[in-house]
Amino acid sequence: MGRGIARRFAAAGAQVAVLDADVDATARGAALTVEEAERDGAPVEVEPAAGLEALVADVDVLIEAVLEDLALKTELLSTIGALASERLVVATNTSSLSVDSLGQAYGRPDRLLGLHFFNPPTRMRLVEVVAGTRTAPEVVREAMAWVEQLGQVPVRCIDTPNFVVNRVCRPLYHESAMLVSAGVPAAAVDAVARAALGHRLGPLELVDRIGLHTHLVSSESAYAELADARYAPVPLVRRLVRAGALGLRTGRGFYDYSDGRKPREAQADVVQTAAPESGASESVGIEVVGAGAARLAGLARSGAEPVTVVSDGGGLDDEHESLVSGLVAEGRAVVVDSSDAAWLPRLPDAAGWVRLHHRGDAWFAERVVDEVASRPAPPTTDVLLRACEATYVDVPAVPGLVADRLADCLVNEATWVVQEGVATPGDVDVALRLGMNHPQGPFELLDRAGSRTVLRRLCAMQAVSGDARYRPSALLRRMAAGTR
Ligand SMILES: NC(=O)c1ccc[n+]([C@@H]2O[C@H](COP(=O)([O-])OP(=O)(O)OC[C@H]3O[C@@H](n4cnc5c(N)ncnc54)[C@H](O)[C@@H]3O)[C@@H](O)[C@H]2O)c1
């Protein structure tokens, strides 16, 4: 991280000196920084510093990017504090330690803040600018300006465990592990996250890359600090860590890498394509009814043998149930579009169960197939999926299915973060788009889904599971009530 950050500052025209643990490491680090920049066609000048004392005397800004070890950072910052002038600004690149604690270690908490760069700093544009409780406002303002001068995008937040991106994503990682614990294959969870939510990497593939042990440590610290069920580590993750299944680096995590297979291949295997039978697509009409019909308007078309899609818009009620049973009794082909688990005992055998998503100009579906729960996929679902040329993933009948559970946990956490004054909704959206490459930020997702729908789904999950993970924020409740 240090080499990448040094390159960013040097490329923006700053005079940069680097310092590592000893003289040799410093010389190697400086040479490697210059070499890597040259190899990337963006040469920079970076000097090896003569030592900590000389460095501190010579610079206006010092960026600390040593190992993520509280004892090491505390000792180093207190040494720097003893050497520094009153004007020196120190930025720590910590990803999980408390900026307030590090400010105390430095001794002048008003002159210390967090600058959380993302990996690799030369490519990732986002920088979280973390204001400690006692950081001086002008230091934060200056740091925001530096980040902009680096050609990066600063997002301001206060000192909270995991800051913005990693905090908002923590419930997403937990939820994906909860889905695996409930019997959804890891590849299916990730394939749905990519196809329905447009995530570039599935959450489980990402946790495998981060390392399950690193993820577990961050989860434990967030859980200890924030004392909320939303951060409680998932037992399956603990079990995998104990078994040495730490992810990519040990060849086994949520995925098995032992035969050289990539998660992408496992995900491709679970995605099915419903190609239209020759000439059949024209003859199938699609009628869309129910509270969520507007969302599926693009699906409707006339044809000889209509399939009726009943979309409950995010929550099953008696009206939907009687609509479906009435249509089935008339002998009509019916498919329900919903992620509401309450359909499980109420859906007539002849009706299919899917959750349709529209991305770009294509349809993607989660199709419920669960022999154990007596929910096989009737041929009606094939007819529908073929007619709209959807790609789809078969999922068991877990409450909330996959995409909505993942999206709702992410969105709910974003509203908690805003409610606590950690960051603004606009900044949270920017942070998730740039830090995670998500196509939409959580508040944009919330706008699309509707706050009442998201609230309803979270409350249903909380009721079904009895798990406080799904407890909606007061802000989300106010948004759904239209009072904000
Ligand atoms: N790796 C990431 O994806 C990532 C992303 C964002 C933030 N961070 C944070 O950046 C920091 C560094 O992480 P990294 O992945 O680059 O670690 P790293 O292990 O690759 O590099 C740490 C460097 O610090 C040096 N060092 C150790 N003690 C030192 C001392 N007393 N004085 C000077 N240098 C010393 C080490 O020799 C090493 O070169 C951590 O706080 C980490 O949480 C990492």
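This is a predicted model: local features need pLDDT of at least 70, side-chain atom pairs count only at pLDDT 80 or more; totals for chains, interfaces and linings use all residues.
Q: Let's start with the ligand. How many residues surround it?
A: 16 residues surround the ligand. The closest are Asp20, Glu68, Lys73, Asn93 and Ser95.

Q: What classes of residue make up that shell?
A: The shell has eight nonpolar, five polar and three charged residues.

Q: What does Ser95 do at the ligand, in terms of distance?
A: A polar side-chain atom of Ser95 lies 2.6 Å from an oxygen atom of the ligand.

Q: And which backbone atoms lie by a ligand oxygen?
A: Met1 has a backbone N or O atom 3.0 Å from an oxygen atom of the ligand. For Val66, a backbone N or O atom lies 3.3 Å from a ligand oxygen.

Q: How much of the ligand does the protein cover?
A: The protein covers 66% of the ligand's accessible area. On its own, the ligand has 830 Å² of accessible area.

Q: Back to Val66. Where is it found?
A: Val66 sits in the loop between β3, residues 61-64, and α4.

Q: Why does Val66 count as partly exposed?
A: Because its relative accessibility is 32%. Buried would need under 20%, and exposed over 50%.

Q: What about Ala65? Where is that?
A: Ala65 is also in the loop between β3 and α4. Ala65 is partly exposed, with a relative accessible area of 30%.

Q: How many Å separate the C-alpha atoms of Ala65 and Cys459?
A: They are separated by 42 Å. Along the chain, Ala65 and Cys459 are 394 residues apart.

Q: New topic: salt bridges. How many does the structure hold?
A: The structure holds 27 salt bridges. Side chains of opposite charge can pair when their charged atoms come close.

Q: Give me one. What is the N to O distance between Asp228 and Arg471?
A: The distance is 2.3 Å in that salt bridge. The pair links distant parts of the chain, 243 residues apart. Asp228 is in the loop between α10 (212-226) and α11 (235-242). Arg471 is in the loop between α19 (451-465) and α20 (474-481).

Q: Is Asp228 buried or exposed?
A: Asp228 counts as buried, at 10% relative accessibility.

Q: What does Glu413 pair with?
A: Glu413 forms a salt bridge with Arg230. Their closest N and O atoms are 2.6 Å apart. Glu413 lies in helix α16 (residues 403-419) and Arg230 in the loop between α10 and α11, so this pair ties together parts that are 183 residues apart in sequence.

Q: Are Glu413 and Arg230 buried or exposed?
A: Glu413 is buried, at 0% relative accessibility. Arg230 is buried too, with a relative accessible area of 3%.

Q: And Arg355? What is its partner?
A: Asp337 is the partner. The closest N and O atoms of this salt bridge are 3.9 Å apart. Arg355 is in strand β12 (residues 352-359), and Asp337 is in strand β11 (residues 333-337). Arg355 counts as buried, at 9% relative accessibility. Asp337 is buried as well, with a relative accessible area of 1%.

Q: What joins the side chains of Arg367 and Asp394?
A: A polar contact of 2.8 Å. Arg367 is in strand β13, residues 362-368. Arg367 counts as buried, at 8% relative accessibility.

Q: What is the phi of Asn162?
A: Phi of Asn162 is near 70°, a positive value. Asn162 sits in the loop between β7 (153-158) and α7 (165-181). Asn162 counts as buried, at 2% relative accessibility.

Q: And the phi of Asn437?
A: Asn437 has a positive phi of about 60°. Asn437 is in the loop between α17 (425-436) and α18 (442-449). Asn437 is partly exposed, with a relative accessible area of 31%.

Definitions and conventions:
Residues are numbered from 1 along each chain as its sequence is written. Side-chain values use heavy atoms; hydrogens and water are left out. A residue is near a molecule or strand if one of its heavy atoms lies within 4 Å of it. A polar contact is a pair of N or O atoms within 3.5 Å; within protein, one must be able to donate a hydrogen and the other to accept it, and residues adjacent in sequence count only if both atoms are side-chain atoms. Accessible areas come from the Shrake-Rupley method with a 1.4 Å probe; for residues, only the protein chains shown count as cover. Ala, Val, Leu, Ile, Met, Phe, Trp, Tyr, Cys and Pro count as nonpolar, Asp, Glu, Lys and Arg as charged, and the others, Gly among them, as polar. Helices (H or I, at least four residues) and strands (E, at least two) are DSSP runs, numbered from the N terminus. Buried means under 20% relative accessible area, exposed over 50%, partly exposed in between (1.4 Å probe, protein chains only). A salt bridge is a side-chain nitrogen of Lys or Arg within 4 Å of a carboxyl oxygen of Asp or Glu.
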